[in-house]
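Subject: Structure handover

Hello,

Here is the structure I promised to pass on. Please open it alongside this email; my notes follow below.

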Amino acid sequence: MKEYKVIIFDLDGTISDSGVGITKCVQYALKKLNIIEEDLEKLKHFVGPPLKDELIKTYGCSEEQAKQGVEFYRERYTPIGIYETSLYEKVEQLLISLKEKGKIIALATSNIFLINSSASCRL
């Protein structure tokens with residue numbers, strides 16, 4: 001079996017359960033766009049893909065409306081939504097184990113790509 005030095009994980013839905021925060025922030029943004037969606041389950045498809053694209057595809061928003069929707073989303077996400085995220089069970093142990101084995105761990109999202117190769121990285 002091949003040994004890998006760098007391991008890249010998708011953040012949302014793989015490392016972290018960010019569904020609650022993301023769907024509530026989408027719901028907030030939609031409400032500010034005069035679109036009411038009470039059922040958070042119907043907003044789960046927003047976890048992962050770029051928000052702007054999903055607003056255009058799902059609700060037929062114009063480019064400008066979608067950009068405004070992203071701004072509304074961030075209004076709630078920054079002070080509240082980010083804290084509605086948790087790690088999946090045993091993820092912390094997995095990351096510590098990989099780090100102890102000298103692996104380089106990278107996290108990817110649709111918005112940013114982060115790499116931290118520091119041995120003193122705190123989880």
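In which helix does Ala66 lie? Ala66 is part of helix 3. Please bear in mind throughout that this is a predicted model.

**Ala66 and its surroundings**

Ala66 is buried, and its relative accessible area is 0%. Beyond its neighbours within four places in sequence, Ala66 is in contact with Lys52, Leu55, Ile56 and Cys61. Ala66 can also be set against Leu30: the two are 36 residues apart in sequence, and their C-alpha atoms are 9.9 Å apart in space.

**Helix 2**

Helix 2 runs over residues 51-59. Its buried residues are Leu51, Glu54 and Leu55. They span an arc of only 105 degrees around the axis, so they sit on the same side of helix 2. What covers them includes helix 1 (19-32) and helix 3 (63-77). After helix 2 comes Gly60, with a positive phi near 65 degrees.

**Helix 4**

Here the buried residues are Val91, Leu95 and Leu98. Viewed down the axis of helix 4, they fall within an arc of 65 degrees, so they line one face of the helix. An α-helix has 3.6 residues a turn, so residues three or four places apart point the same way.

What do the buried residues of helix 4 pack against? They pack against strand 1 (6-10), strand 3 (86-87) and strand 4. The face turned away from the buried side carries Gln93 and Glu100, both exposed. Gly102 follows helix 4, and its phi is positive, near 80 degrees.

**Lys103**

Lys103 is in the loop between helix 4 (91-100) and strand 4 (104-108). Is Lys103 buried or exposed? Its relative accessible area is 13%, so Lys103 is buried, the cut-off being under 20%.

Its side chain makes a polar contact with the side chain of Glu3, at 2.8 Å. Glu3 and Lys103 also form a salt bridge, with the closest N and O atoms 2.8 Å apart. Glu3 lies in the segment before strand 1 and Lys103 in the loop between helix 4 and strand 4, so the pair ties together parts that are 100 residues apart in sequence. Glu3 itself is exposed, at 63% relative accessibility.

Leaving aside neighbours within four places in sequence, Lys103 is in contact with Glu3, Tyr4, Lys5, Ile7 and Leu98. Leu98 is one of the buried residues of helix 4.

**Other salt bridges**

How many salt bridges does the structure hold? There are 7. Two more are worth a look.

Glu84 and Lys24 meet through their side chains, at 3.9 Å from N to O. Glu84 is partly exposed at 22% relative accessibility. Lys24 is partly exposed too, at 30%.

Arg74 and Glu71 form a salt bridge at 3.4 Å, N to O. Both lie in helix 3, 3 residues apart, or about one turn of the helix. Arg74 is partly exposed, with a relative accessible area of 46%. Glu71 is partly exposed at 43%. Salt bridges with shared partners also join Lys24, Arg76 and Glu84 into one network.

**Aromatic pairs**

The whole structure has 2 aromatic pairs. In one, the ring centres of Phe46 and Tyr59 are 6.4 Å apart and the planes are at 15 degrees, so the pair is stacked. Phe46 is in the loop between helix 1 and helix 2 and Tyr59 is in helix 2, so the pair ties together parts that are 13 residues apart in sequence. Phe46 is buried at 4% relative accessibility. Tyr59 is partly exposed at 27%.

In the other pair, Tyr73 and Tyr77 have ring centres 5.5 Å apart and planes at 10 degrees, so this pair is stacked as well. Both residues lie in helix 3, 4 residues apart, about one turn of the helix. Tyr73 is buried, at 13% relative accessible area. Tyr77 is partly exposed, at 23%.

**Cysteines**

A search of the whole structure finds 0 disulfides. Cys25 is buried, with a relative accessible area of 0%. Cys61 is buried as well, at 8%. Cys61 is also among the contacts of Ala66.

Best wishes

Terms used. Residues are numbered from 1 along each chain as its sequence is written. This is a predicted model: local features need pLDDT of at least 70, side-chain atom pairs count only at pLDDT 80 or more; totals for chains, interfaces and linings use all residues. Side-chain values use heavy atoms; hydrogens and water are left out. Buried means under 20% relative accessible area, exposed over 50%, partly exposed in between (1.4 Å probe, protein chains only). Helices (H or I, at least four residues) and strands (E, at least two) are DSSP runs, numbered from the N terminus. The arc is that of the directions from the helix axis to the C-beta atoms. Contact means heavy atoms within 4.5 Å. A polar contact is a pair of N or O atoms within 3.5 Å; within protein, one must be able to donate a hydrogen and the other to accept it, and residues adjacent in sequence count only if both atoms are side-chain atoms. Rings of Phe, Tyr and Trp (its six-membered ring) pair if their centres lie within 6.5 Å; planes under 30 degrees apart count as stacked, over 60 as edge-to-face and the rest as tilted. A disulfide is a pair of cysteine sulfur atoms within 2.5 Å. A salt bridge is a side-chain nitrogen of Lys or Arg within 4 Å of a carboxyl oxygen of Asp or Glu.
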